Amino acid sequence: MSRIQSTFERLAAEGRKALIPFVTSGDPYPDVTVELMLAMAEAGADVIELGVPFSDPMADGPVIQRAAERAVRAGVGMKQVLADVQRFRASNTSTPVVLMGYANPIERYGQARFVSDAKAAGVDGVLVVDYPPEECEAFAALLHAQDMDPIFLLAPTSTEERMARVGKVARGYVYYVSIKGVTGAGHLDTAAVAAMIPRIRRHVSVPVGVGFGIRDAVSARAVADHSDAVVIGSRLVELLEAQPRDNVAATGAQFIREIRAALDA
């Protein structure tokens, strides 16, 4: 059983929903990523999605694009991301870490080498935005062999066929993109989320997390009424980019505590 699966099973037994924050490795300062991850885990994050910086993050909006650009300029690449996870694992062996990013950095690194090094670092799952399920069966098999979970995206435009394909290969959880467009864009429609989740569950046996458009405790609580997890990225990254180095971890922790309290209310 993976750390992700055991985390969701524990939360389900407790009647609680998972809180999954996203931050970009190396942003806003390369030397505070691990401190930030540890602070968020201590504050109530159940899974941490760690972004792999990439120069062309086409599915992301301006906030996360800026984060990726800052990290790339600072020289943060796959080796540094894996090193961050390894340092995090030196202090935290229980909170799952999912690497989230794009195919190019993985292809340049080499799929087999990436999977091996990610396992050694302590990664639990991988979400590659531009690896559709029908084109990455071999990659998913590599992850399965190392007891890591391939995480896939579903969207409001996903067909029944796409949901069925994802259901065959996904492990850990699936990430439902609640609005059309890039991260941080659009208006969250909780009624539409409520209507879509049962359709997804007909094809997918793993938990369903919902992200995009969740910016505060109220929207997080509304989404949690229908999903197994709440994913928050753009708003958190936006808060962090305005902070001085010494205040990044504390700001991230405070935001997570507020969302955690809302989910547990």
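Reader: To begin, where is the place of Phe212?

Author: This is a predicted model. In it, Phe212 is placed in the loop between β7 and α10, the latter being residues 217-224.

Reader: Is Phe212 buried or exposed there?

Author: Phe212 counts as buried, because its relative accessibility is 10% and the cut-off for buried is under 20%.

Reader: And what is the phi of Phe212?

Author: Phi of Phe212 is positive, at about 75°, although the residue is not a glycine. Asp147 also has a positive phi without being a glycine, in its case near 60°.

Reader: Where does Asp147 lie, then?

Author: Asp147 is in the loop that runs between α7 (137-145) and β5 (149-154). With a relative accessibility of 55%, Asp147 counts as exposed.

Reader: On backbone geometry, what is the peptide bond from Asp27 to Pro28, cis or trans?

Author: That bond, from Asp27 to Pro28, is cis, with omega near 0°. Pro28 belongs to the loop between β1 (18-24) and α2.

Reader: Let us turn to helix packing. At what angle do the axes of α2 and α4 cross?

Author: The axes of α2, residues 33-43, and α4 cross at roughly 45° and come within 9 Å. That angle makes α2 oblique to α4. The crossing is right-handed.

Reader: Which residues meet between α2 and α4?

Author: From α2, the residues are Thr33, Val34, Met37, Leu38 and Ala41; they meet Asp84, Arg87, Phe88 and Ser91 of α4.

Reader: Which residues is Thr95 in contact with, leaving aside neighbours within four places in sequence?

Author: With those neighbours set aside, Thr95 is in contact with Ala41, Ala45, Asp46, Val47, Ile48, Phe88, Arg89 and Asp124. Ala41 and Phe88 are also among the residues where α2 and α4 meet.

Reader: Now the core. How many residues has the largest nonpolar core?

Author: The largest nonpolar core has 69 residues, and those with the most contacts inside it are Leu99, Phe114, Phe139, Tyr176 and Ile200.

Reader: What is Ile200 in contact with, beyond four places in sequence?

Author: Leaving aside neighbours within four places, the contacts of Ile200 are Leu154, Met163, Val174, Tyr176 and Val208.

Reader: Lastly, is Ser205 buried or exposed?

Author: Ser205 is exposed, its relative accessible area being 73%. Ser205 sits in the loop between α9 (190-201) and β7 (208-211). From Ser205 to Ala170 the C-alpha separation is 8.7 Å, while the two are 35 residues apart in sequence.

Technical notes:
Residues are numbered from 1 along each chain as its sequence is written. This is a predicted model: local features need pLDDT of at least 70, side-chain atom pairs count only at pLDDT 80 or more; totals for chains, interfaces and linings use all residues. Side-chain values use heavy atoms; hydrogens and water are left out. A nonpolar core is a set of buried Ala, Val, Leu, Ile, Met, Phe, Trp, Tyr and Cys residues joined through side-chain atoms within 4.5 Å. Buried means under 20% relative accessible area, exposed over 50%, partly exposed in between (1.4 Å probe, protein chains only). Contact means heavy atoms within 4.5 Å. Axes are lines fitted to C-alpha atoms, for helices over the stretch in contact, and angles run from 0 to 180 degrees between N-to-C directions. Helices (H or I, at least four residues) and strands (E, at least two) are DSSP runs, numbered from the N terminus. Angles under 35 degrees count as roughly parallel, over 145 as roughly antiparallel, 65 to 115 as roughly perpendicular and the rest as oblique. A crossing is left-handed if the near helix is turned anticlockwise from the far one by less than a right angle, and right-handed if clockwise.
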